[in-house]
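User: I would like to go through this structure and ask what lies behind the terms used for it.

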Amino acid sequence: MNSTEDKISPSVDRLKQLLPPPEVAPAPQPWQDVERRLGVALPNDYKEFMEVYGDGTLEDYLLLEQLITSEEEFSEWWEKQLDDLRSAAERVPERYTLEPGRVDLLPWGFTIDVDVCYWWMDPREDPDRWWIVSRDRDVSRWSVFEGSMVEFLVEVVSGRRREPWMPRNFPGDSPWFKTTARYLADMDPYR
């Protein structure tokens, strides 16, 4: 048992009961570096999730992101996310701020259909109180979940919560998670 499992939160523990984690735990992450580049601390349950599951996919549909740690990759990725939102600014609810230096939406998950899940970074200084905001690919339907990322996943995986952008058969009767490495290996046509 690693040190992360010794201090696991109740919501991550509930998720583990519903969604078996990978057999091999991912490598520890340099959270201080990531948070420094972001300019904000990240929610503890997200860091715990990444220490138990790593980045990957929930049923090859919802892709859960490990925030990029390279300075250059991060800058490019973050600017792309902001450009996408700003290009559809008239469809972004007014309560979310997209102004440079004051953006309060941070993406953590995407679907294969380009729907996006964000943290609503309010209050910015207390990430464990951030709610989840999601939107469809057209940036036309938005929804709010008044809880953390892992609490959101528990509700989705248990079947108690459905977002408008989710297919009817997601998640299935026996939800599964696959790391990004496993997903890419499974997609390799030469294996």
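User: What is the bridge partner of Val-133 in β6?

Analyst: The model is a predicted one. In it, Val-133 has Val-144 of β6 as its bridge partner.

User: What makes β5 and β6 (residues 142-145) a pair of strands?

Analyst: The number of bridges. Pairing requires at least two bridges between the strands, and β5 and β6 are joined by 4. They therefore count as paired, in the antiparallel sense. The hairpin they form has 6 residues between the strands, and Val-139 there takes a positive phi near 60°.

User: How do you know that β4 (residues 116-120) also pairs with β5?

Analyst: The two share 5 bridges, and the requirement is at least two, so β4 and β5 count as paired. The sense is antiparallel here. One of the bridges links Trp-119 to Ile-132 of β5.

User: Why is β5 (residues 131-135) called largely enclosed?

Analyst: Because 4 of its 5 residues are buried, the strand is described as largely enclosed by the rest of the structure.

User: Why is Val-12 called buried?

Analyst: Buried means under 20% relative accessible area. Val-12 has 0%, so the term applies. The residue is found in helix α2 (residues 10-18).

User: Which residues is Val-12 in contact with, leaving aside its neighbours within four places in sequence?

Analyst: They are Asp-45, Glu-48, Phe-49, Val-52 and Val-150. A contact here means heavy atoms within 4.5 Å. Between Val-12 and Val-52 the C-alpha to C-alpha distance is 8.6 Å, with 40 residues of separation in sequence.

User: What makes helix α4 (residues 44-52) mostly covered?

Analyst: The count of buried residues: 8 of the 9 in α4. They are Asp-45, Tyr-46, Lys-47, Glu-48, Phe-49, Met-50, Glu-51 and Val-52. After α4 comes Gly-54, with a positive phi near 80°.

User: How many helices and strands does the protein chain have, and in what order do they run?

Analyst: There are 7 helices and 7 strands. From the N terminus on, the order is α-α-α-α-β-β-α-β-β-β-β-α-β-α.

User: What share of the protein chain counts as buried, and how much accessible surface does the chain have?

Analyst: Of the 191 residues, 48% count as buried. The accessible surface comes to about 10300 Å², and carbon and sulfur atoms account for 47% of that surface.

User: Among contacts between residues at least 6 apart in sequence, what share joins residues at least 24 apart?

Analyst: For the protein chain that share is 57%.

Definitions and conventions: Residues numbered from 1 in each chain as written. Predicted model: local features only at pLDDT ≥ 70, side-chain atom pairs only at ≥ 80, totals over all residues. Heavy atoms only, no water. Buried < 20%, exposed > 50% of the residue type's maximum accessible area, 1.4 Å probe, protein only. Areas by Shrake-Rupley, 256 points an atom, 1.4 Å probe, with all protein chains shown as cover.
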